[in-house]
Every structure is written in structure tokens, then in C-alpha cells.
Amino acid sequence: MGFDEIIDRRGTCSVKWDAMEALYGVPADDGISMWVADMDFRPPQCISNAVAKMHEHGVYGYYGDDAPYREAICWWMKTRHGWDVDPAGIFTTHGLVNGTAMCVDAFTNPGEGVVLFTPVYHAFAKVISAAGRDVVECEMSNVNGRYELDFDAYDAQMTGNETMLVLCSPHNPSGRLWSKGELQAVAAFAKRHELILVSDEIHHDLVFEGNEHIPMANIAGIEDRLVMMTATTKTFNIAGSHSGNVIVADPDLRARFGARMMAMGLSPNSFGLFMAEAAYSPGGAAWVDDLVQYLDGNRKVFDAGVNAIPGLKSMNMQSTYLAWVDFENTGMSREEFTARVQQNARIAANHGPTFGKGGESFLRFNFATPRARVIEAVERLQVAFGDLQ
């Protein structure tokens with residue numbers, strides 16, 4: 001599928017590559033960008049064909065009948081995830097950060113608390129705080145390099161002011177998949193504390209062989225408070241389309257969310273809808289299968305190289321393309337190990353503290369890039385921390 005092709009994205013208004021030097025001090029000419037979560041691969045041909053068809057037609061008017069788009073989403077969720085989706089419950093947002101913000105706006109009030117299991121995707125806390133809600137960080141336990149949920153501690157932490165829980169499933173940044181029992185425990189926690197449960201499942205297609213992602217929608221007894229979020233953008237590397245889906249089964253929640261969408265005048269762009277419809281197809285499915293195999297190969301190369309450096313530990317991943325590397329056992333301060341990565345290895349990676357409590361000793365690396373670049377990044381890290389070997 002051409003995943004080994006090196007595509008120069010510099011000078012294309014790519015935030016991942018063109019903002020690297022300003023944000024991380026990593027030189028644009030020979031730096032390696034491994035921070036923001038998009039891939040350095042072209043999307044499948046079925047998506048390119050859909051965009052070309054729009055171009056050939058040449059008229060970019062308002063999008064009308066979206067039945068085929070909704071049918072494609074329903075087909076994908078049923079065939080790939082065993083999840084039956086009611087097409088009437090699908091709302092299209094401006095990506096899933098916007099989807100999260102819309103959920104906060106629709107289902108909570110200023111001053112109320114929104115619960116996060118941290119460390120977790122940094123954009124959640126940003127939009128919650130910006131909306132005037134309180135971020136309630138329930139820190140996960142790192143047990144032998146694997147995150148665990150401690151509901152006894154979280155129950156004690158609740159004050160009664162919390163009204164929503166945002167779950168990241170699969171988990172970003174660790175690549176952790178939640179078991180059925182863990183999802184049932186999350187659902188029970190949400191019910192005990194009367195929380196709306198928003199499950200962000202944007203990485204659900206990127207699961208490595210031998211592992212299983214279970215949609216929260218397939219957990220019984222949570223339907224009356226559950227909001228699901230999915231998107232084509234991470235799976236197919238079309239984040240610039242800014243298109244995501246908020247899927248709501250409960251009629252009351254659906255009406256509340258729809259009212260806020262209407263009040264804010266939000267509607268999707270036609271490019272995102274045509275791209276998503278093309279992606280959720282047999283051709284798109286074949287491409288994803290090859291992509292996941294390639295990403296798994298990159299994961300093995302990255303983990304083997306990083307874990308060979310004394311003091312560094314890449315958390316065991318089951319999904320995604322985002323490696324979560326712990327530098328605690330180097331004995332270095334956060335400033336020192338970060339400087340070695342950025343200045344010596346010339347790699348831009350996300351800083352762990354931005355993911356909340358528990359991320360202080362970590363950096364997140366995006367390895368969704370041609371394997372030659374992953375190999376080079378590993379070699380640079382081994383040199384940068386060569387005195388530990």
C-alpha cells in the first residue's frame with residue numbers, strides 16, 4: 001500500500017511538520033516529527049477517488065441527502081465492530097474535539113465537574129476548562145507498565161458535583177484496550193454517580209492482532225446515559241477533513257444534543273462526508289487491515305530499540321500508533337530527558353504532563369511514519385542516551 005514511501009510534508013501547512021521547530025525547538029531541516037497524531041501516509045485510493053470525483057464535478061454546493069453516508073457508518077460499525085447503530089442517532093461534528101466540547105455544552109453546566117481517567121488525551125481537559133467546567137482527574141495506577149482503574153479511590157474522590165465522565169477507548173496515550181469487565185465497571189461507576197458517559201473510540205480500528213476492542217455501546221445497561229464518539233479521521237489519515245460522529249441511542253439525550261447542534265448552527269462540510277462514505281467500504285477495510293499490520297511492525301521496531309536503552313520503557317501497546325515512553329528510571333529530571341530527545345536526537349514528541357496526572361515522566365511518540373524513519377528515530381535516541389548503556 002506504499003507505507004514505506006517517504007513523503008515530504010514540510011511546507012504544506014502541516015501542523016505536525018511545519019510547527020515542529022516553533023513548538024519544540026526541533027530543526028525543520030533534519031528533525032523528526034513524532035508528536036501530533038496524524039500519519040505520514042496517503043489515505044486509501046477509494047478516498048482519493050472520491051475527492052477526485054468532487055473535483056471533476058467542480059461544483060461545491062451544500063450537501064443534501066446523507067442517507068448513503070449514514071448507511072456506510074452503520075455498515076462499518078456492524079461489520080468491523082459488531083455494533084448495531086441506529087442511523088437516526090448519528091450527528092456529524094467538526095471532529096471529535098468539537099464533539100467532546102459539544103457534549104460538555106449539551107449535557108453539563110458551568111461549574112460542574114467532568115471526570116477523566118488520567119493520564120489521557122490532552123484536548124479533553126482543554127475544552128472542559130475552556131467551557132468553565134471543572135476537570136476532575138482520577139489518576140490511574142501504573143502497575144508493572146499497565147494502567148489499572150481503581151474505582152474504590154475514584155468513588156471516594158467524587159463530591160456529587162460531577163455530571164460527566166469522558167472515557168478514552170482505546171486509551172490514548174498508552175494504547176491500552178479495556179476488557180469487558182473493565183467497561184462494565186466504568187459503566188457501573190457512571191451509574192453510581194449519575195454521570196453521562198462519553199466514550200471516545202476514535203482509535204477503535206487500529207487494534208493489533210490478538211487483541212479485541214469492545215465498543216462501550218455493546219455493554220448492557222448503560223444506554224440511557226451513553227454517548228459514543230467515532231471518526232474516520234484517525235483510521236484513514238484524513239484529520240484535515242475535521243469530521244467526526246457523535247452517536248446517541250437514548251431518545252432524550254439525542255434530543256438534547258440535537259437541540260444544541262441546531263442552536264449553534266452546526267453542519268458538516270461536504271468533503272468530510274464524501275471522504276467518510278468512501279472510507280467505510282470494502283476497499284477502505286482492506287487498506288486498514290494492511291495499515292494495522294504495518295503499524296504493528298513499526299511498534300515492534302520502536303519498542304525493541306527504545307526498551308534496549310537502560311532507564312527507558314515503552315508501555316506495552318495493544319492499539320493505536322502512539323507509544324508512551326517512561327523516562328523515570330533514567331534518574332533524570334523531566335527537563336533533562338526532554339532536552340536530550342529534542343536537542344540531541346532532534347525528535348519532537350508530546351510532553352507527558354499535558355496528559356494530566358501520571359504523565360510527568362513520559363513522552364508520547366507517534367510512529368505512524370515510514371519504517372526507515374522509525375529506525376532512524378530509534379538510532380538517534382540510542383545515541384542521545386548512549387551514556388546510560
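Which helix gives the most to the lining of the largest pocket? Read on to find out.

## About the model

This is a predicted model, in which local features need pLDDT of at least 70, side-chain atom pairs count only at pLDDT 80 or more, and totals for chains, interfaces and linings use all residues. Residues are numbered from 1 along each chain as its sequence is written, and side-chain values use heavy atoms, with hydrogens and water left out.

## The largest pocket

The helix in our opening question is α5, which gives four residues to the lining of the largest pocket. Helices here are DSSP runs of H or I with at least four residues, strands are runs of E with at least two, and both are numbered from the N terminus. Along with α5, the helices α6, α9 (233-236) and α11 (270-279) each supply at least two lining residues.

The volume of the largest pocket is about 920 Å³. A pocket is an open set of points on a 1 Å grid over the protein atoms alone, where a 1.4 Å probe fits, with protein on both sides within 12 Å along at least five of seven lines; lining residues have an atom within 4 Å of a point. In total, 41 residues line the largest pocket, and Ala37, Asp38, Lys234, Ala239 and Gly240 lie nearest its centre.

## Helix α6

Helix α6 covers residues 122-130, and its buried residues are His122, Ala123, Phe124, Val127 and Ile128. Buried means under 20% relative accessible area, exposed over 50%, and partly exposed in between (1.4 Å probe, protein chains only). These buried residues pack against several elements, including α5 (95-107), β3 (113-118) and β4 (134-139). After α6 comes Gly132, with a positive phi near 80°.

## A buried arginine

Look next at Arg225, in the loop between β8 and β9 (226-230). Is Arg225 buried or exposed? Arg225 counts as buried because its relative accessibility is 10%. Leaving out residues up to four places away in sequence, Arg225 touches Ala190, Lys191, Glu194, Leu195, Ile196, Leu197 and Leu253; a contact means heavy atoms within 4.5 Å.

## The cysteines

How many disulfides does the count come to? The count is zero, where a disulfide is a pair of cysteine sulfur atoms within 2.5 Å. For Cys103, the closest cysteine sulfur is in Cys168, and because the two sulfurs are 14 Å apart, they are too far for a bond. Cys103 is buried, with a relative accessible area of 1%, while Cys13 is exposed at 78%.

Notes: Points joined across faces, edges and corners; volume = space filled by probe spheres on them.
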